[in-house]
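This report describes the structure shown below, moving from a loop to the chain as a whole and then to the ligand site. It is meant to be read with the sequence and the coordinates at hand.

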Amino acid sequence: MTDRKTLTTTAGAPVPDNQNSWTAGERGPVLLQDYQLIEKLAHQNRERIPERVVHAKGWGAYGTLKITGDISRYTNAKVLQPGAVTPMLARFSTVAGEMGAADAERDVRGFALKFYTEDGNWDLVGNNTPVFFVRDPYKFPDFIHTQKRHPKTNMRSPTAMWDFWSLSPESLHQVTILMSDRGLPVSPQHMNGYGSHTFSLWNDAGERFWVKFHFKTRQGHKTYTNEQADQVIARTRESYQEALFGGIDNGEFPQWTVQIQIMPELDAEKTSYNPFDLTKVWPHAEYPPIEIGVMELNRNPENYFAEIENAAFSPSNIVPGIGYSPDKMLQARVFSYADAHRHRLGTHYETIPVNQPRCPVHHYHRDGQMNVFGGIKTGNPDAYYEPNSVNGPFEQKSAQEPPLRISGDADRYNHRIGNDDYVQVRALFNLFDDGEKARLFANIAAAMGGIPQEIADRQIAHFDKVHPDYGAGVRHAREVLSNREPAISVTPNTPQQVGA
Ligand code: NDP
């Protein structure tokens with residue numbers, strides 16, 4: 001094997017022996033000067049980076065977004081023009097479980113997309129559900145705490161989950177989706193994705209339209225029951241990685257039909273629901289989905305850590321022609337996600353190859369730890385401040401989005417007042433057939449196992465308000481469960497493996 005490469009230190013020097021440490025005498029001890037050994041051990045100590053607080057366990061692949069429809073009247077975003085083909089990266093995830101958690105757990109799935117457009121990276125960081133548990137960012141850390149481990153027991157706490165949910169009726173919509181069949185997809189390929197937040201599109205005439213993005217699976221919806229998932233987890237904890245990586249490796253490239261819903265800017269003041277409320281959908285009858293293209297995943301990463309663990313998605317990444325909206329949760333995430341990556345990956349996380357834009361990047365940020373981008377980011381060594389008279393990079397006014405035409409007084413508005421948190425859940429409940437309703441009731445009853453009766457009563461009162469059959473169904477399922485002989489005896493208050 002003459003072409004075998006020489007093992008080196010990270011500084012490039014040949015390593016003479018990778019089997020035996022350098023000792024004083026045959027029986028030791030090891031010499032401090034065995035630098036190759038020290039470097040090897042020191043590197044191992046530093047292999048882990050901070051785990052994502054949410055969405056720690058993920059699976060990802062590369063692909064393309066092809067635009068087949070014509071929505072140029074709504075947006076001048078180059079990535080959304082007819083015929084545009086844009087390379088992209090997707091990362092799917094569970095929310096609550098840590099990096100070693102089993103994939104086939106009942107949980108919301110993250111559906112994060114990064115499009116490498118010629119105008120910079122556009123990230124759409126959504127879920128497999130169109131809504132979320134809370135509508136105000138003040139509640140986000142509290143909600144996530146209920147999904148994570150109890151600070152004393154270090155176990156998941158169904159009591160905390162249902163206590164929070166039952167005191168937060170805006171969560172009912174997402175709780176119902178989570179506990180329904182679609183709360184436990186078989187693989188990333190067999191679920192829809194939703195941008196979830198309302199964003200905006202704007203065109204050359206300076207008109208703004210509100211927009212929702214949807215990605216409809218072309219593989220069909222496939223879901224597990226709790227019992228089926230238990231069997232899968234007993235066999236493998238990596239069922240999503242197996243399905244996504246294995247599928248693409250076999251040449252099976254999953255596709256999603258891309259749809260948008262469009263709302264004229266001033267309609268936002270007329271709808272019966274707040275169109276910027278993340279706990280609400282826009283009914284299709286009012287704002288019909290428009291098909292605009294197809295997303296396909298067709299290439300596995302070469303190195304999971306470098307390309308998927310290091311992938312940094314943030315809703316702050318938008319491109320000209322696409323804008324934010326007044327959604328409070330979106331605004332908080334615009335700060336929070338980029339901040340999480342600065343903490344997790346470092347100040348220069350956008351220079352990590354998987355995050356690098358595929359277009360020229362010019363800015364005046366400099367220095368700091370791991371500044372590895374080198375070169376002169378302004379094209380001129382004298383252009384290290386702005387404004388300057390040495391032709392340094394300059395703002396592009398055409399990238400400015402039109403002014404927001406809706407406004408109001410600055411206040412802390414209480415959206416629990418006058419907000420109907422039941423009507424859209426009822427619309428969803430009415431879509432379920434009898435079998436799906438029965439599984440919804442059973443899933444909720446199982447997830448409520450061991451919680452105090454007063455919390456269960458408070459939550460079931462919300463189900464009653466959605467539909468009398470909903471509350472009655474959950475009550476009945478709880479009775480059935482409590483009458484059943486447990487197959488394995490468990491100590492009271494043992495947390496169930498449920499999550500969100
Ligand atoms: P529609 O009858 O047009 O249904 C909207 C969506 O419901 C469809 O896109 C469909 O997704 C989805 N859906 C159908 N069956 C189920 C199910 N068993 N579990 C979860 N989702 C399902 O009515 P509306 O637009 O008025 O929405 C009714 C309710 O549907 C909403 O309150 C919301 O809970 C839910 N929903 C609405 C969406 C929206 O953007 N309007 C998006 C997703 C859900 P698919 O095409 O994939 O089958």
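## Positive phi in two loops

N154 lies in the loop that runs between α2 (140-147) and α3 (158-166), in what is a predicted model. Although N154 is not a glycine, its phi is positive, at about 60 degrees. Most residues other than glycine have a negative phi. With a relative accessibility of 47%, N154 counts as partly exposed, because the class of exposed residues begins over 50% and that of buried residues lies under 20%.

D367 also has a positive phi of about 60 degrees and is likewise not a glycine. The residue is placed in the loop between α8 and α9, and its relative accessible area of 41% puts D367 in the partly exposed class.

## Cis peptide bonds

Most peptide bonds are trans. In this chain, the bond from G28 to P29 is cis, with omega near 0 degrees, and P29 belongs to the segment that comes before α1 (35-45).

A cis peptide bond also joins E386 to P387, where omega is about 10 degrees. P387 is located in the loop between α8 (328-345) and α9, which is also the loop in which D367 is found.

## The chain as a whole

The chain contains 12 helices and 10 strands. Its radius of gyration is 26 Å, close to the 23 Å that the globule rule gives for 500 residues, and the chain is therefore as compact as a globular protein of that length. Taken along the principal axes, the C-alpha atoms fill a box of roughly 75 × 70 × 45 Å, and 48% of the 500 residues count as buried.

Two pairs of residues illustrate how separation along the sequence relates to separation in space. V281, in the loop between β8 (255-264) and β9 (290-299), is 151 residues from P130 in sequence, yet the C-alpha atoms of the two are 6.5 Å apart. N76, in the loop between β1 (58-67) and β2 (85-94), is 167 residues from A243 along the chain, and here the C-alpha atoms are separated by 37 Å. V281 counts as partly exposed at 24% relative accessibility, and N76 is also partly exposed, at 24%.

## A buried lysine

K114 is part of strand β3, which comprises residues 109-117. Its relative accessibility is 0%, so K114 counts as buried, the limit for that class being under 20%.

Which groups does the side chain of K114 contact? A polar contact of 3.0 Å joins the side chain of K114 to that of D123, and the side chain of K114 also reaches the backbone oxygen of A312, at 2.8 Å.

## Surroundings of the ligand

The ligand is surrounded by 19 residues, of which H173, R182, N192, H284 and Q424 are the closest. By residue class, this shell divides into 9 nonpolar, 7 polar and 3 charged residues. Domain 2 (58-358) and domain 3 (423-498) each supply at least three residues to the shell.

Individual atom pairs give a more detailed view of the site. A polar atom in the side chain of H173 lies 2.5 Å from an oxygen atom of the ligand, and an N or O atom in the side chain of R182 is 2.9 Å from a ligand oxygen. The backbone takes part too, with a polar backbone atom of W282 placed 3.0 Å from a nitrogen atom of the ligand. Taken alone, the ligand exposes 790 Å², and the protein buries 76% of that area. The elements that give two or more residues to the shell are β7 (208-217) and α9 (423-431), and α9 gives the most, with 4 residues.

Notes: Residues are numbered from 1 along each chain as its sequence is written. This is a predicted model: local features need pLDDT of at least 70, side-chain atom pairs count only at pLDDT 80 or more; totals for chains, interfaces and linings use all residues. Side-chain values use heavy atoms; hydrogens and water are left out. A residue is near a molecule or strand if one of its heavy atoms lies within 4 Å of it. A polar contact is a pair of N or O atoms within 3.5 Å; within protein, one must be able to donate a hydrogen and the other to accept it, and residues adjacent in sequence count only if both atoms are side-chain atoms. Accessible areas come from the Shrake-Rupley method with a 1.4 Å probe; for residues, only the protein chains shown count as cover. Ala, Val, Leu, Ile, Met, Phe, Trp, Tyr, Cys and Pro count as nonpolar, Asp, Glu, Lys and Arg as charged, and the others, Gly among them, as polar. Domain bounds come from an automatic or database domain assignment. The radius of gyration is taken over C-alpha atoms; the globule rule is 2.2 Å times the number of residues to the power 0.38. Buried means under 20% relative accessible area, exposed over 50%, partly exposed in between (1.4 Å probe, protein chains only).
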